[in-house]
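Good morning, and thank you for coming.

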2 protein chains.
Amino acid sequence: MKLEIKQSILMEHLNYVIKGISSKNIIPVLNCIKFELTNEGLYLMSTDNDIAIKTFITKEKIEKIEMLGTILVSGRYIYEIIRKLPGEVIKIEEVLDNKIDIKTANSNFNLNCNEASEFPILDLQDSENPIIMNQAIFKTIIRQTAFASSQQESRPALTGINFSINGNTLEASATDSYRVSKKKVELKEESKIPVNIIIPTRNLNELIKLLEEDDENIELHIFSNKIIFKFNSIIMMSRLINGDFPDLSKLIPDTYYLEVTVNLNTFYKALDRASLLTNESDKNIVTFRTDEDIAQISSNIPEIGHVEETVDIEKNNENEIEISFSSKYMMDAVRTLECENIKIMFNGELKPIIIKNLDDDNLIELIVPIRTY
Amino acid sequence: MKLEIKQSILMEHLNYVIKGISSKNIIPVLNCIKFELTNEGLYLMSTDNDIAIKTFITKEKIEKIEMLGTILVSGRYIYEIIRKLPGEVIKIEEVLDNKIDIKTANSNFNLNCNEASEFPILDLQDSENPIIMNQAIFKTIIRQTAFASSQQESRPALTGINFSINGNTLEASATDSYRVSKKKVELKEESKIPVNIIIPTRNLNELIKLLEEDDENIELHIFSNKIIFKFNSIIMMSRLINGDFPDLSKLIPDTYYLEVTVNLNTFYKALDRASLLTNESDKNIVTFRTDEDIAQISSNIPEIGHVEETVDIEKNNENEIEISFSSKYMMDAVRTLECENIKIMFNGELKPIIIKNLDDDNLIELIVPIRTY
């Protein structure tokens, strides 16, 4: 392999594939980036066996292709070296004995490489009927649901986001069994087959770092045990989680004992202050109590003191409620809604609380209250 | 104690005194901020027994002083509460049983306080002949020397910066025994008595966070076991370190075997890249070798590879040198010089290396080479 390429172009693509490398991996080839120089251009690939990322630099963007070939080089080192080289044309050349030279006018790096044949064979072929959607919309779906996923590996299904597609309706749901975030989106095209998969949340969080905010599309190629995302010049593969995702539809009632409307920003800031006198070890409990057109949010740490915050509310009936919940979970839910006013719905002090945008039912937040006696 | 004060004004001063609180302190009163409301205004104080900070808000900046008094309240909590309250007027009132209320229109915090009499008595009186200098200059002195201090408590004198004042010359020196940074400054006024003290570097690093970049002065009040800094509305006290600071003057030779001139930025970037193939556990060793009008900086990690960087140099004679040193220490020294071209001076491969600004002898950097065989 021998080529000359601008530092800025190579760096842009190394920024993509470096995300496929886990720093914790003890298998050497999984810490490597594979460079594959063909007549069409340069492919870069990385995988940690949980995700794989492949990116492509077309030959038009490469200054000189002198000899085709494949090398496997330490991801961390090549990334840092290219990052710190000046913005010039860089010469990369495979030399004897699995080594490469990386050269600019004043720098000369010589790196040992791994045997290219040791890199896992990745099947990144398209599926027959990909789901196609806007990248910005896909990014929003992940951002609005991922936080509700569980971090606990003891229930693997809850560490992912459930994507269920029927016709042209996509529903993404995440839960850690104390809260739920559920987002509905209409697809432009109907899916030919129904989809019900669980994608690891950690991988989706890596994926959205690579997505643009613009109008470009992303393709979802779904297989029985993996999903392949195609967008811009990037292909990313993630394994799927086996197992059944809990049926959350029954959790959301049709009728409520009380609906409260509140300004999102005011409510969030009051929760944030009340949180100061809560303990994380104690689930950050705050108590919410309505009293006609105001609500009080209170909390305390006995040794330190107590706090009472007051917010203006509107209610849909004469009922009142006093209920306790995690301020952290409520803040996560409220922050996600991104609107001016929100609706909080109650069915009693031991029943799940539903939080929604006032004018939009496509995003539903649910949190379980905490019994305090 | 009872007062009303704007959130922004109280916050500005809490930002000062919070730096006097160590999060690691297990003595409750040392985690507290003392509020002392007098007819002249509000004093805020904190101490962790190593430093003390006192700041003053004049009565003109306070909305209402209703009842004088003193309270002692958890620094961490009062800081976070005031920080998160809206930018309004805040009412703070001592209520029964060592408690305070902190109120705005919609928030009502009630905090437990400590017994005010438990706060250490701080003697923050002026000395007779303070040293006076520009804050920006003082800040530069600290920034250019502090990094060379030792982190190791086993030799306490090396964890501080030595300030020695004779007549109107101030010399600040720091060393961890592998490197030295030494800065000389002319004072506007002669000091009546010679000074030779060691101030803990950690405390000076906290102090410079409080200093402005403008033309205001700072007063240094020096006592046998402490130093008091007065600037703006702030008084900060630091203990001094007992012990003898090593005599560094003999380390700096008058003549050199070879003087090399190099562009600072080019040299720094070459070192930074060469550092990529060094190990911290191995002191980040790089080798510097002159060859007529160029120098080569090389390093290697046997399993990973090697690198050779080339920089243009000017020499003052025909001599050549090959010498090894810590790239990290050299980069720390070079970065500190803040100029276009630097002079690097050698007396042999086992003798200290001196680094200076090409046109200014007031800042001298020294690093000890590393024997590689």
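How many residues of chain A are in contact with chain B? In this predicted model, 27 residues of chain A are in contact with 27 residues of chain B, where contact means heavy atoms within 4.5 Å.

Before going further, a word on conventions. Residues are numbered from 1 along each chain as its sequence is written, and chains are lettered from A and ligands numbered from 1 in the order in which they are written. Because the model is predicted, local features need pLDDT of at least 70 and side-chain atom pairs count only at pLDDT 80 or more, while totals for chains, interfaces and linings use all residues; side-chain values use heavy atoms, with hydrogens and water left out.

Let us return to the interface. The size of an interface is often given as the accessible area lost when the parts come together. Here, chains A and B bury about 2500 Å² between them, and 53% of that is on carbon and sulfur atoms; buried area is the accessible area (1.4 Å probe) that two parts lose on being put together, summed over both.

Next, the polar side of the interface. The rule finds 20 residue pairs in polar contact across it, with both residues at pLDDT 80 or more. A polar contact is a pair of N or O atoms within 3.5 Å; within protein, one must be able to donate a hydrogen and the other to accept it, and residues adjacent in sequence count only if both atoms are side-chain atoms. On the side of chain A that touches chain B, at least two residues each come from α2 (75-84), β9 (107-114), α5 (264-275) and β21 (305-312) of chain A. These helices (H or I, at least four residues) and strands (E, at least two) are DSSP runs, numbered from the N terminus. The residues on that side of chain A comprise 12 nonpolar, eight polar and seven charged. In this grouping Ala, Val, Leu, Ile, Met, Phe, Trp, Tyr, Cys and Pro are nonpolar, Asp, Glu, Lys and Arg are charged, and the others, Gly among them, are polar.

Two salt bridges are counted between chain A and chain B. A salt bridge is a side-chain nitrogen of Lys or Arg within 4 Å of a carboxyl oxygen of Asp or Glu. One of them joins A:Lys84 to B:Asp272, at 2.8 Å from N to O.

β9(A) pairs with strand β21 (residues 305-312) of chain B in the antiparallel sense, over five bridges; two strands pair if DSSP finds at least two bridges between them. Within that pairing, A:Ser107 has B:Glu309 as its bridge partner.

Where does B:Ile313 lie? It is in the loop between β21 and β22 (314-315) of chain B. B:Ile313 is buried, at a relative accessible area of 7%; buried means under 20%, exposed over 50%, and partly exposed in between (1.4 Å probe, protein chains only). Beyond its neighbours within four places in sequence, B:Ile313 contacts several residues, including B:Val260, B:Val262, B:Thr290 and B:Ile294.

I turn now to the sheet in chain A. Nine strands form an open sheet in the order β14-β11-β12-β13-β26-β25-β24-β18-β22, with antiparallel pairing. β14 (195-200) and β22 (314-315) of chain A stand at the edges with a single partner strand each, so one side of each has no neighbour in the sheet.

Finally, salt bridges within the chains. The structure holds 48 salt bridges over all chains. A:Lys182 and A:Glu171 form one, with their closest N and O atoms 3.4 Å apart. A:Lys182 lies in strand β13 (residues 179-186) and A:Glu171 in strand β12 (residues 169-175), both of chain A, so the pair ties together parts 11 residues apart in sequence. A:Lys182 is buried at 14%, whereas A:Glu171 is partly exposed at 25%.

In chain B, B:Asp176 and B:Arg179 meet in a salt bridge of 3.2 Å, N to O. B:Asp176 is buried at 9% relative accessibility, and B:Arg179 is buried at 6%. In chain A, salt bridges that share partners join A:Asp176, A:Arg179, A:Lys328, A:Asp332 and A:Arg335 into one network.
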